[in-house]
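Take a look at the protein chain below. The report starts with one residue and then widens out.

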Amino acid sequence: MATQPETDQDFPIRVNFVCLGNICRSPLAESVFRALVEQAGVAAYFEINSSGTGQWHVGEQADARMRQTAQAHDLSLEDHRAQQFQADDLAAHDHIFTMDKANLKDVLALDGDDAYGHKVRLFREFDPEPESYQVPDPYYGGTDGFENVYAIVERTARMLLHRLVEEHDLEDEVTALPAADA
Ligand code: 4NP
């Protein structure tokens, strides 16, 4: 696959959320963050994506339990198809937010020249209540785990949007910034 060149343009801000399978946590983070960006009126400034470090579920829909949880919160994951994070994605994105520390390690392992570490962060660094700094993997658990993931992702994505608006000087472009702690 051809390496995508890094652009020196500021926009769009290219964001990739990363988990293991790209069927539970990161598709939800992508969807929640996209909805917040739309609410804030700055969708044109962002390109939002998600991926998994593993290849097992490539091409599949999001997990049915995650789709159901998303739907209960008026979000749709129906169009999502899982994709695997590739080394080229390091150059192709401005921000890479991983759901847990294993994902962080696996993404950084693809950074052979140690050139992109500054782009890669744990998503829950932005969580006002970060606990372990990891979004727990709900895959092998019960329904409660999915609702818990939603709560974590929602409050973290709100804070993340505030931080990225600040970081990219978008304050004047925002029409209605969703509350950081709603
Ligand atoms: P995700 O959840 O990383 O949040 O998409 C998982 C999905 C699949 C598996 C593990 C976690 N799996 O082992 O197949």
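Asp-100 counts as buried, at 12% relative accessibility. Buried means under 20% relative accessible area, exposed over 50%, and partly exposed in between, with a 1.4 Å probe and protein chains only. This is a predicted model: local features need pLDDT of at least 70, side-chain atom pairs count only at pLDDT 80 or more, and totals for chains, interfaces and linings use all residues. Residues are numbered from 1 along each chain as its sequence is written, and side-chain values use heavy atoms, with hydrogens and water left out.

Side chains of opposite charge can pair when their charged atoms come close. (A salt bridge is a side-chain nitrogen of Lys or Arg within 4 Å of a carboxyl oxygen of Asp or Glu.) Arg-25 sits in helix H1 (residues 25-39), and Asp-100 in the loop between strand E3 (95-98) and helix H4 (101-108), so the pair ties together parts that are 75 residues apart in sequence. Helices (H or I, at least four residues) and strands (E, at least two) are DSSP runs, numbered from the N terminus.

## A second bridge from Arg-25

Arg-25 is buried, with a relative accessible area of 2%. Its side chain also meets that of Asp-137 in a salt bridge, at 4.0 Å from N to O. Asp-137 lies in the loop between strand E4 (120-122) and H5, while Arg-25 lies in H1, so this pair ties together parts that are 112 residues apart in sequence. Asp-137 is partly exposed, at 40% relative accessibility.

## A network of charges

How many salt bridges does a search of the whole structure find? The search finds twelve. Arg-124, Asp-127, Glu-129, Glu-131 and Arg-155 are linked in a network of them. Within it, the closest N and O atoms of Arg-124 and Glu-131 are 2.7 Å apart. Arg-124 is buried, at 1% relative accessibility. Glu-131 is exposed, at 60%.

## The whole chain

The protein chain has five helices and four strands. From the N terminus on, the order is β-α-β-α-α-β-α-β-α. The radius of gyration, taken over C-alpha atoms, is 15 Å. That is close to the 16 Å that the globule rule (2.2 Å times the number of residues to the power 0.38) gives for 182 residues, so the chain is as compact as a globular protein of that length. Of the 182 residues, 49% count as buried.
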